[in-house]
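I am opening a notebook page for this structure. The entries below record what I looked up, in the order I looked.

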Amino acid sequence: SSLLALGCKASLFGRLGEGPWPRTWILRSLAEIERWSPPTGKFFYVKHPRRGGGKGTRKATGVEAAKSVARRWLDEGADASVVQVAIEPARLPLGPSVFELRVFSIFRRTKCWTFSVHRAKTAAVGSNLMNKRVQAKKRDYGAFYERNVADENHVRAAFPDGAYDAVAKPRILDAVRAVHAAVRDDLPPGHFYFLGFDFLLDNSAQPFLLEANLKPPSRYADFSPDRFPSPVVRDLAAAALADLARL
């Protein structure tokens, strides 16, 4: 189903071919894990297909370490392990800090819209890009960017010669459109899906899609703000509904 494809990393990346995301393998059995022999990559991220918020991703150095984590996810009941080549991330100057770009989009069956302004979740180099509740317990939380969030101008300034606008943003749109094309036939008529996509950018401003964060799907007739607890997401969802009402 569309919910499965959007909310499960194995289903999502299993539907996508090559594109602006890390090289990915979907390993669905212990036998597949043992046979897995990647041609490239010294470092990997091994992901549980449905866990987020830093609880379902482990960095592994080398193939054998990656296999060990992949087996762990299967042992814990996952139906697959998702292995991706680790991308060397760009850094924001303050801190310096690593970051993930959060891109909000709205999917309908026939169309998708992507908000033109993005924001970045940050963490000081050496810290993890965990969820806010975990980050807020760290001593360096908010030390370099307020609430560990950088606006788009901070990200833009980290890349020379306008590379963020010339390289990253068009490729981000390509990735979102590819996801929509992969799932649109499964989206029920009369509903919209509000999504937050996480992207990592490398030093040349090339974006890599990491995951899709599915917000509650809603019909236009029964939208309720309490289904979107985050104030940022709630405000964006309300604005999106206002735009849809004008179509």
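Predicted model: local features only at pLDDT ≥ 70, side-chain atom pairs only at ≥ 80, totals over all residues.

Entry 1: I began with V155 and set aside its neighbours within four places in sequence. What remains in contact with V155 is L92, F99, L101, A120, Y164 and L201.

I then looked at the largest nonpolar core, which has 33 residues. V155 is one of the members that touch the most other members, and the list also holds L101, F107, F159, F197, F199 and L201. At least two residues of this core come from each of α2 (9-15), β6 (97-107), α7 (163-183), β10 (191-201) and β11 (207-214). Helix α7 gives the largest share, with eight residues. Another core lies apart from this one; I noted 15 residues for it, including W36, V69, A70 and W73.

**Entry 2: aromatic pairs.** How many aromatic pairs does the structure hold? I find six. I looked up the pair of W25 and F44, which is edge-to-face, with 6.3 Å from centre to centre and 70 degrees between the planes. This pair links distant parts of the chain: W25 belongs to strand β1 (residues 24-27) and F44 to strand β2 (residues 43-47), 19 residues apart.

K59 lies over the face of F43, 5.0 Å from the ring centre.

**Entry 3: R58.** I found R58 in strand β3 (residues 57-61). Its relative accessibility is 28%, so R58 counts as partly exposed. Which residues does R58 contact, leaving aside its neighbours within four places in sequence? I list F44, Y45, V46, V69, R72 and W73. For R58 and V46 I also took the C-alpha separation, which is 5.3 Å, although the two residues are 12 apart along the chain.

**Entry 4: helix α4.** Helix α4 (residues 63-75) has 13 residues. From its first C-alpha to its last, α4 reaches 18 Å, close to the 18 Å expected at 1.5 Å a residue.

Next I asked which residues of α4 are buried. They are A66, K67, V69, A70, W73 and L74. These residues cover an arc of only 165 degrees around the axis, which means that they sit on the same side of α4. The buried residues of α4 pack against β1, α3 (30-35), β2, β3 and β4 (81-85). On the face turned away from the buried side I noted the exposed residues E64 and D75. Just after α4 comes G77, with a positive phi of about 105 degrees.

**Entry 5: backbone exceptions.** Most residues other than glycine have a negative phi, and most peptide bonds are trans, so I went looking for departures.

Which residues does a cis peptide bond join? I find G95 and P96, with omega about -10 degrees. P96 has its place in the loop between β5 (91-92) and β6.

D161 is a residue other than glycine with a positive phi, near 60 degrees. I place D161 in the loop between α6 (152-157) and α7. Its relative accessibility is 81%, so D161 counts as exposed.

A205 is not a glycine either, yet has a positive phi of about 70 degrees. A205 is in the loop between β10 and β11. With 0% relative accessibility, A205 counts as buried.

**Entry 6: P188.** Where does P188 lie? I find P188 in the loop between α7 and β10. P188 has 27% relative accessibility and so counts as partly exposed. I also looked up P188 against R108: they are 80 residues apart along the chain, and their C-alpha atoms are separated by 8.3 Å.

Notes:
Residues numbered from 1 in each chain as written. Heavy atoms only, no water. Core = buried A, V, L, I, M, F, W, Y, C linked by side-chain atoms within 4.5 Å. Buried < 20%, exposed > 50% of the residue type's maximum accessible area, 1.4 Å probe, protein only. Helix = DSSP H or I, 4+ residues; strand = E, 2+ residues; numbered from the N terminus. Contact = heavy atoms within 4.5 Å. Phe/Tyr/Trp six-rings, centres within 6.5 Å; stacked < 30°, edge-to-face > 60°. Lys NZ or Arg CZ within 6 Å of the ring centre and 35° of its normal. Expected span 1.5 Å × (residues − 1). Arc of directions from axis to C-beta.
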